[in-house]
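This report covers packing, pockets and confidence, in that order. Please keep the model open while reading.

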Amino acid sequence: MDIATGAGILIGIAVLTTLVLMGGDFRIFYDSHAIIIIFGGSFAATLIRFPFIAIMHGMPLGLKYAFTMRRTTSRELVDELAQLAEIARKQGPVGLEKVETDDPFLAKGIRYVADGYDMEFIRDNLERDRDNFLLHLDEGQKIYRAIGDCAPAFGMVGTLIGMVQMFSNMADPSKLGPFMAISLLATLYGALVANLFCLPIADKLHVKLTDEDTNRTLIIDGILMIRDAKSPTLVREMLLAYLPEKHRHEEGEPVPA
């Protein structure tokens, strides 16, 4: 579980709730017209921007990865691949058949090596798998960013609609308040949807997409070196190049200046 995403949203909601309750109650901040223009308009614009199949794949995957984290870090992957290289050197590829791992992508690579597939087959399949996954995650990022971009714009549309309705009913003072509420709440809803939810989720997905690209490429290179019967020491040294300098050393080991 990615605690930061959930904590950020909860803190944001808590701040807004506190401010609302300090000045009244929730009823004065609810307007169905503003909700329709923000959520209906944003959804319609998103359907126009992206194919429906991309929305069906991208939004759930993006939401899942915004709230979850990898079970293993890059450093742990390097250590695990070095251990796999040691097993393969001592027992041969068949020795990998009983190895279990929490990473499905790594498990697939291990299975390919254990089954004796050639390097080109392993490379092509793992790279295709990686690229397809990153494509769907990137679609999720773009969809949430698109919603975050258009929500404030539809908030402005709602504001303009409310202003037109207000000015066209100047003769009836009882209608001025509700139409002014539509104008202000549409802008408020659009800003909240964009800046508390959609744009932060899009940025979080961009960071995780970069991490997944690095980790899956690291796994592919490690699996190919194991298939090529490279020594565990060489596997470790080659894969450590993917890590930042401060993460290349064991805990307690001095980092070169």
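## Nonpolar cores

This is a predicted model. The largest nonpolar core has 26 residues. Within this core, Leu81, Leu96, Leu106, Ile223 and Ile226 have the most contacts. At least two of its residues come from each of α4, α5, α6, α7 and α8 (232-240). The largest share, seven residues, is from α7.

Another core lies apart from the largest one and has 15 residues. Phe50, Ile55, Val193 and Cys198 are among them. In soluble globular proteins, nonpolar side chains tend to be buried together.

## Largest pocket

The largest pocket has a volume of about 860 Å³. Its lining counts 28 residues. Nearest the centre of this pocket lie Met69, Arg70, Thr72, Glu212 and Asn215. The elements giving two or more residues to the lining are α3 (52-66), α4 (74-91), α5 (104-114) and α7 (176-227). The largest share is from α7, with seven residues.

What is the make-up of this lining, by nonpolar, polar and charged residues? The largest pocket has eight nonpolar, seven polar and 13 charged lining residues.

## Second largest pocket

The second largest pocket holds about 700 Å³ of space. It is lined by 24 residues. Phe39, Tyr189, Leu192, Val193 and Phe197 lie nearest its centre. Val193 also belongs to the core of 15 residues.

At least two lining residues come from each of α1 (3-22), α2 (32-49), α6 (119-167) and α7. Here α7 gives the most, with seven residues. The lining of the second largest pocket divides into 21 nonpolar residues, three polar and no charged.

## Confidence

The mean pLDDT of the protein chain is 87. Of its residues, 95% reach 70 or more. Which elements mark the lowest and highest confidence? Confidence is lowest in α3, at a mean of 86, and highest in α5, at 93. Both α3 and α5 give residues to the lining of the largest pocket.

Over residues 251-257 the pLDDT is below 50. Beyond near neighbours in sequence, residues 251-257 have five contacts in the model. Where pLDDT is low, the predicted coordinates should not be read in detail.

Note on methods:
Residues numbered from 1 in each chain as written. Predicted model: local features only at pLDDT ≥ 70, side-chain atom pairs only at ≥ 80, totals over all residues. Heavy atoms only, no water. 1 Å grid on protein atoms, 1.4 Å probe; cavity = no way out; pocket = protein on both sides within 12 Å on 5 of 7 lines; lining within 4 Å. Points joined across faces, edges and corners; volume = space filled by probe spheres on them. Helix = DSSP H or I, 4+ residues; strand = E, 2+ residues; numbered from the N terminus. Nonpolar A, V, L, I, M, F, W, Y, C, P; charged D, E, K, R; others polar. Core = buried A, V, L, I, M, F, W, Y, C linked by side-chain atoms within 4.5 Å. Buried < 20%, exposed > 50% of the residue type's maximum accessible area, 1.4 Å probe, protein only. pLDDT = per-residue confidence, 0-100. Contact = heavy atoms within 4.5 Å.
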